[in-house]
Amino acid sequence: MTATIIIPKNADQNSEPESHPKLENIPELPPEYKPEKVISLEEFLVKPADRMEWVDGNLVEKTGMTFKHGLAQSKLSTSWRNYKNSSGQGGEVLTEVLCRTSKQGRRPDVAYITPELLPESGNFTAFSQSFPLIAEVASPEDSGEELFAKAQEYLESGCLEVWLLFPEARLIFVNAGQRWQLFNADEVVNTQSLLAGFSVAVSELLA
């Protein structure tokens with residue numbers, strides 16, 4: 001929006017007034033405008049905003065969750081949690097809890113943290129590295145390239161194994177630090193390095 005302000009061309013009282021005042025356009029900020037506050041990664045990790053990630057200096061809200069996305073996230077987190085309890089391996093399974101990678105502040109869709117890495121207090125605002133086992137579920141807004149880049153970021157920041165779930169295509173990719181393995185809808189996917197012995201049918205997670 002632009003406001004028009006009338007300013008006399010000649011303010012000298014001894015001179016004759018102009019018959020036509022000079023018009024000058026001055027930008028006017030909308031009333032709802034608020035300057036964006038830029039915060040450092042360290043500040044964000046101390047007091048993170050809900051559903052926000054810190055990416056390349058910007059706060060990015062996690063959006064785009066569909067029914068299939070939420071269902072896959074819920075099924076996988078429940079499967080991992082039930083297995084870690086029944087197998088006695090301990091640790092915790094988390095959803096969208098903040099962790100610090102070598103570059104960003106991320107909220108993985110599902111993550112598993114081993115008993116050895118759990119803080120003694122049992123509580124934290126942001127984990128100091130990538131979680132050992134992480135899963136990201138693709139939403140319609142996500143690009144495959146971005147998801148694989150995020151997975152590589154996790155693996156370079158302390159993560160030992162990453163799962164990428166694609167509900168629409170009914171595919172799961174798993175990387176335990178060396179290469180990607182593809183599991184189709186008619187196959188059984190299993191963990192490679194964490195939660196030893198866990199397996200589940202792809203069709204069960206991505207029905």
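Modeller: By class, the lining of the largest pocket has 13 charged residues (Asp, Glu, Lys and Arg), six nonpolar ones (Ala, Val, Leu, Ile, Met, Phe, Trp, Tyr, Cys and Pro) and four polar ones (the others, Gly among them). This is a predicted model, in which local features need pLDDT of at least 70 and side-chain atom pairs pLDDT 80 or more, while totals for chains, interfaces and linings use all residues. Residues are numbered from 1 along each chain as its sequence is written, and side-chain values use heavy atoms, without hydrogens and water.

Biologist: How much space lies in the largest pocket?

Modeller: Rolling a probe the size of a water molecule over the atoms shows where empty space is left. Here the largest pocket holds about 520 Å³.

Biologist: Which residues lie nearest the centre of the largest pocket?

Modeller: Of its 23 lining residues, these are Glu53, Arg106, Asp142, Glu146 and Lys150. Two or more lining residues come from each of strands S3 (52-55), S4 (58-61) and S9 (133-137) and helix H3 (144-155). Helix H3 gives the most, with five residues.

Biologist: How many disulfides are there?

Modeller: A disulfide is a covalent bond between the sulfur atoms of two cysteines. With the cut-off for the sulfur pair set at within 2.5 Å, the count is zero. Cys99 is in no disulfide, as the nearest cysteine sulfur, that of Cys159, is 8.5 Å away.

Biologist: Is Cys99 buried or exposed?

Modeller: Cys99 is buried (under 20% relative accessible area, with a 1.4 Å probe and protein chains only), its value being 0%. Cys159 is also buried, at 5%.

Key:
1 Å grid on protein atoms, 1.4 Å probe; cavity = no way out; pocket = protein on both sides within 12 Å on 5 of 7 lines; lining within 4 Å. Points joined across faces, edges and corners; volume = space filled by probe spheres on them. Helix = DSSP H or I, 4+ residues; strand = E, 2+ residues; numbered from the N terminus. Buried < 20%, exposed > 50% of the residue type's maximum accessible area, 1.4 Å probe, protein only.
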